[in-house]
Amino acid sequence: MSLSLLRDSFLIFIVFFSFSLHAETFSSVGTYLFPTNISEEECFDRAKNDAVKKVMEMAGFSYITHYESLNCSDIEDKNICEYYQDSQQFYEGGFITNKIFSNPELLEQDSIKRKCKINLEAKIEKFKSNHDPNFIFNVTINNNLFKNREEIEFYGETNLPSNLYVFSFDKISEEYQIILPNEYESLIDIEGKFKIPNNKSYKILAVFPEEHKKDIVQEHFLILVTKSNINNFKVIDSESLESLFSRLNHMGRENWKKVRLNYFILKESIK
């Protein structure tokens, strides 16, 4: 887990959904250079992202906003830098309903030139309707580089009355877990500027995973808003992205917006 939300308990709902007969199948090979500052697991995660990006481009649904920066922090008297490359892959127009990764390979030319490679077969479906260009939603995070157990905050704005949901990604289960709404706060029928958390009853913390072998790890949030006059979106505590998009597709693409926010966590704890 990369986050800590101070609450007592949670429920897990399992959702079963059928795949659409209108989905098309695409195949790709994802690769990622394997530098010494990331783990093998993280290298294959990024190779998977590359494979997903390629099949979405094949389907004609990949639209990318690019952002780059270099983040540095001192850890035990060592200066640790991470090249931050945030490709906000909107994939407008369609979504993956099912994906199967296979044949992971670590290609080693020498100790420096290494590459992770993985195959993907994915079924992709077109959204039943188009997004609403008059529905505007923006959100940012208070930093993109956090120390272990440092507080995370979100700042954003929406121009229409909206319901807001925040998800973190669990790499072990490969599912999105709900952070907001929770027992301390919900953002229902909001309009204009907002802040999360908006009260002092709870905190959202960046927690470095104990099993991770390197000094830095990359994580991400998924932020979703739906028009507040649409009341048929059910909150599920843990759900795959394929299942979530399948439900949103039934709601209508014109009734929701999403933003993915990438960030890093350092092994070093705050003092």
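User: Which residues are buried in α2?

Analyst: Buried means under 20% relative accessible area, with over 50% called exposed and anything in between partly exposed (1.4 Å probe, protein chains only). Helices (H or I, at least four residues) and strands (E, at least two) are DSSP runs, numbered from the N terminus. In α2, the buried residues are E242, S243, L244, F245, S246, R247, L248, N249 and M251. Nine of the 11 residues of this helix (residues 241-251) are buried, so α2 is largely enclosed by the rest of the structure. This is a predicted model: local features need pLDDT of at least 70, side-chain atom pairs count only at pLDDT 80 or more, and totals for chains, interfaces and linings use all residues. Residues are numbered from 1 along each chain as its sequence is written, and side-chain values use heavy atoms, leaving out hydrogens and water.

User: What do the buried residues of α2 pack against?

Analyst: Contact means heavy atoms within 4.5 Å. The buried residues of α2 pack against strands including β14 (216-227) and β16 (256-269). Strand β16 is itself mostly covered, with 11 of its 14 residues buried.

User: How many bridges join β14 and β16, and do they run parallel or antiparallel?

Analyst: Two strands pair if DSSP finds at least two bridges between them. β14 and β16 are antiparallel, over 11 bridges, and V217 stands opposite I265 in β16. Strand β8 (residues 145-148) runs parallel to β16, joined by four bridges; here K147 stands opposite L266.
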